[in-house]
Amino acid sequence: MSSKHAIPSYLTPPDIGAWGVYLEQIDRVTPYLGSLARWVETMKRPKRILIVDVPIERDDGTVAHFEGYRVQHNTSRGPGKGGVRFHQDVSLSEVMALSAWMTIKNAAVNVPYGGAKGGIRVDPKTLSRAELERMTRRYTSEINIIIGPNKDIPAPDVNTNEQIMAWMMDTYSMNQGSTASGVVTGKPISLGGSLGRHEATGRGVFVVGCEAAGKRGLEIKGARIAVQGFGNVGGVAARLFAAAGAKVVAVQDHAATVVRNSGLDIVALQAYVTQHGSVAGFPDAEQLDDAAQFWGLDCDILVPAALEQQINRDNAAQIKASIVLEGANGPTTPEADDILHDRGILLVPDVIANAGGVTVSYFEWVQDFSSFFWTEDEINSRLTRIMREAFAAVWALAEEKKVSLRTAAFIVGCTRVLQAREMRGLYP
Ligand SMILES: NC(=O)c1ccc[n+]([C@@H]2O[C@H](COP(=O)([O-])OP(=O)(O)OC[C@H]3O[C@@H](n4cnc5c(N)ncnc54)[C@H](O)[C@@H]3O)[C@@H](O)[C@H]2O)c1
């Protein structure tokens, strides 16, 4: 990471983690922003950061404290929007980067939001359900002062789901004195959630993957797919690829990597994971001893759908896929971007590939405001149209400017954000 950035005093250089990756991506797009580059510093500084202590009483009577964050990176185009992650490695740098990628993503697919993200540094597997509920409710109360249907709208991310969103919505509503279903998205259907939201991110990954495959002349039927992360995003994407006739030859999760050359039975694997908590021990597959071998497996489309910085200078040269489809946020470092590009591998960036989730979150929010709910077909067809159009626009810009799809998506996103910034003007 170059030293020309003003690193805020609350991060410790030189290891500023995912935020450093994001800053480098912004550097790469800056030469293409024309006169708007005058405002680019705004992209390098989160608008607002709230760090909270989240104390809970454990079931055994002891008290535990967790670090919680909510970062609103930018709200020039609308309220903050972004998920909440519960993970033992959550850090300020990570939440800052994730919030910034939300700013770019929301602008790239043109939904009327800024970017935000939240998280708690905790391994939720170590908590009982009652502890998880208490922690979620306390965190929501702590960040209550900056969230709201018109201010900042959280959603699920790693290790958070519909139930967590229900507790967040209820806690916020109790503090307000009235039900505020639009404060979070990704809620259960019975509480104002949207049909299709649960599958939306994985569906978007699949739709964009089909578009990218079309550009490369790759047939989905029979294509070999490898997926890292078998949760909401990776699990749904794998299922849709398999249903379209692709062979999902490998799946890796936090515990194991399972491989089957003729294609894994994804429906059976999902049922197995629901029961056992991971793919480890799935009977109809070979299990890799060394997780790092995953990256060198023979496949056509590689879908990183777990965590950041998974594809890096240590493994980018081994990748055999012709397409890397970023289901996760920030899975590829800038160095790895360059290696993949030099090797002719097409990388479809996160800010387009996984934007299906926030797109249907937007539909959910609109439905909650109007208390009028759409059919699943309407939602899926609108989602598919938006994803295809966003991909086509980014593809055309990448060809025109002779840049990568990531830089093209960042040009679209940053231009929209900075135009809004310029038109609003600086307050006061
Ligand atoms: N949920 C959404 O709507 C959404 C939207 C856009 C982007 N994303 C991004 O997609 C990624 C996955 O999110 P999710 O919602 O599917 O989370 P999830 O909690 O549902 O699933 C995460 C998966 O990653 C696996 N995993 C965790 N650590 C791993 C490791 N070290 N190696 C391999 N696998 C590992 C887990 O076992 C699990 O299968 C994240 O980067 C998230 O920010 C999620």
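Biologist: How many bridges join strand 6 to strand 7, and do they run parallel or antiparallel?

Modeller: Five bridges join strand 6 (residues 224-228) to strand 7 (residues 247-252), and the two run parallel. Strands are DSSP runs (E, at least two residues), helices likewise (H or I, at least four), numbered from the N terminus. This is a predicted model: local features need pLDDT of at least 70, side-chain atom pairs count only at pLDDT 80 or more, and totals for chains, interfaces and linings use all residues. Residues are numbered from 1 along each chain as its sequence is written.

Biologist: Which residue stands opposite Ala226?

Modeller: Ala250 in strand 7.

Biologist: In what order do the seven strands lie?

Modeller: The order is 9-8-7-6-10-11-12, in an open sheet with mixed pairing; two strands pair if DSSP finds at least two bridges between them. Strand 9 (286-288) and strand 12 (346-348) are the edge strands, each pairing on one side only.

Biologist: Now the ligand. Which residues are closest?

Modeller: Gly229, Gly231, Asp253, Ala328 and Gly357 are the closest of the 23 residues that surround the ligand (a residue is near if its C-beta atom, placed from the backbone, lies within 6 Å). Helix 6 (residues 232-243) gives the most to this shell, three residues.

Biologist: Where does the ligand lie relative to the domains, and why?

Modeller: Domain 1 (47-179) and domain 2 (198-332) both give residues to the shell, so the ligand lies between them. The domain bounds come from an automatic or database assignment.

Biologist: What separates the domain centres?

Modeller: 27 Å, taken over C-alpha atoms.
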